[in-house]
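Have a look at the model first, then read on.

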Amino acid sequence: MSETSPRIVIVGAGPAGIRAAAMLVEAGLHPVVIDEGQRAGGQIYRRPPAGFVRTPEQLYGSEAAKAVALHALFDRLAEEGRLTHCAASSVIALQEGRLHVLGEGGVQLVSYDRLILATGASDRVAPVPGWQSAGVYSLGAAQIALKAQGVALGQRIVLIGSGPLLTLVGAQLVKAGADVVAVLDTSSRRQQMRGLWDLAARPLVALRGLAPRARLGGRYHAGVTLERIEADGKGVTAIRWHDAGGREHLTLCDTIGMGWHLRAETHLADLAGCAFIYDEQWRQWLPKTDEMGRAGNGVYLAGDGVRLLGADGAEIAGRLAAVACLVDLGFPAPSTASDLRKLARLERFARGLARAFPWPTAMARALPDAVVCRCENVTAAALRQSTDFGGSEANRVKSLSRVGMGRCQGRYCQLAAVELIAAQTGCTPGAVGRFRGQAPVRPAPIGAFLRDG
């Protein structure tokens, strides 16, 4: 890269980041790619350590060919020296055109002229009484353990939540030989039928989504009501729930995986000054961009961090963000008409998923005296009391109750907390607002900020 070449940094080496990097390399630029993983692939195509014996087909199923192709593309570009890959590194802060990057050597400052954020998404979870107990994990954590280490997080496993990931992780665990005793979906079969019209935008994908459920057989239950996770001093012992017919069940287990689709990872976009809009269907705040991913001030967004469209959508969005960046820098760029049409179809499909497997608003709003914020041990009762004192503004309630101030920075509690605040004050979650992003966006040791001398 010449001294006059623009310095372009991509955060995230999942499908969106890889495609963005490849497009920039093709234009003759040398991007810097920063990623928390040791090897590129992201969460969806996460790679195990070298020497792992399971095949790509066993790890990624029907998406194995896509995963292998992306891995090979990125590895080739890195080996040829056409991009710089900063692996096992976390961007923990962003200010005035510089990233604070935490790696093995501590915190380093990385400057940029243009920034592409491909930060992906994480599990969207809803508090269930007892979810703070040892042995409760997110669906993503269970999948990471299986993909990266080939282990199941427990001997008797129950999965709860809703969405394609719920049944996919269940089927993957069963195929690997784990004892999955129940998969409890809070979306009823009738509710799932409501998304069929839009799911028809990708009929083959929709049909493939039925295969994991078929593998689960009688373990799968739709339209359940979750009551409580039981635990003793050692951890989870059982879960109480009601089936669609109202019958009560007590299912013994030692591990619970939970998740309701995904929530966009937006902390860096917030620190970068991006505007946000509240999406009523996804029930969360999402960054505002144009159709190419431009967010202003030389920042571009791609992938699930801005649109929850899955791996295929992330690849397209990564290319579009890179093209937008090239155009803004005065470089020639290819036509994007085909990609934009594909993205519109994926958007329709994703909206169908949101309708079929909705966020459990009623459950989040009607919590008893359960823990809402696990990091700070803030209960629903304490949150309601703080709302009565402070009103309906999210950050005021946060300052009074400490909800969202822990290690996860509100990633796991914010959505439910906002629903509770809205219910308590009689307004909408969009009117409540969102927690402001704070640096560091990931936990960082104080020693990492200290410099010799």
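1. Before the first stop, a term: two strands pair if DSSP finds at least two bridges between them. Keep in mind that this is a predicted model.

2. With that in hand, go to strand 18 (residues 276-279) and strand 19 (residues 284-287), which pair in the antiparallel sense over four bridges.

3. How many aromatic pairs does the structure hold? There are two. In the pair of Tyr45 and Tyr60, the rings sit edge-to-face, 6.0 Å centre to centre with 90° between the planes. Tyr45 is in the loop between strand 2 and helix 2, while Tyr60 belongs to helix 2, so this pair ties together parts 15 residues apart in sequence. Tyr45 counts as buried at 2% relative accessibility, and Tyr60 is buried too, at 10%.

4. Finally, check helix 1 (residues 15-26) against helix 11 (residues 310-328): they pack at about 35°, with axes 7 Å apart. The crossing is right-handed. Helix 1 contributes Pro15, Ala16, Arg19, Ala20, Met23 and Leu24, and the helix 11 side includes Ala314, Gly318 and Leu326. By class, this contact has 10 nonpolar, one polar and three charged residues.

Note on methods. Residues are numbered from 1 along each chain as its sequence is written. This is a predicted model: local features need pLDDT of at least 70, side-chain atom pairs count only at pLDDT 80 or more; totals for chains, interfaces and linings use all residues. Side-chain values use heavy atoms; hydrogens and water are left out. Axes are lines fitted to C-alpha atoms, for helices over the stretch in contact, and angles run from 0 to 180 degrees between N-to-C directions. Helices (H or I, at least four residues) and strands (E, at least two) are DSSP runs, numbered from the N terminus. A crossing is left-handed if the near helix is turned anticlockwise from the far one by less than a right angle, and right-handed if clockwise. Contact means heavy atoms within 4.5 Å. Ala, Val, Leu, Ile, Met, Phe, Trp, Tyr, Cys and Pro count as nonpolar, Asp, Glu, Lys and Arg as charged, and the others, Gly among them, as polar. Rings of Phe, Tyr and Trp (its six-membered ring) pair if their centres lie within 6.5 Å; planes under 30 degrees apart count as stacked, over 60 as edge-to-face and the rest as tilted. Buried means under 20% relative accessible area, exposed over 50%, partly exposed in between (1.4 Å probe, protein chains only).
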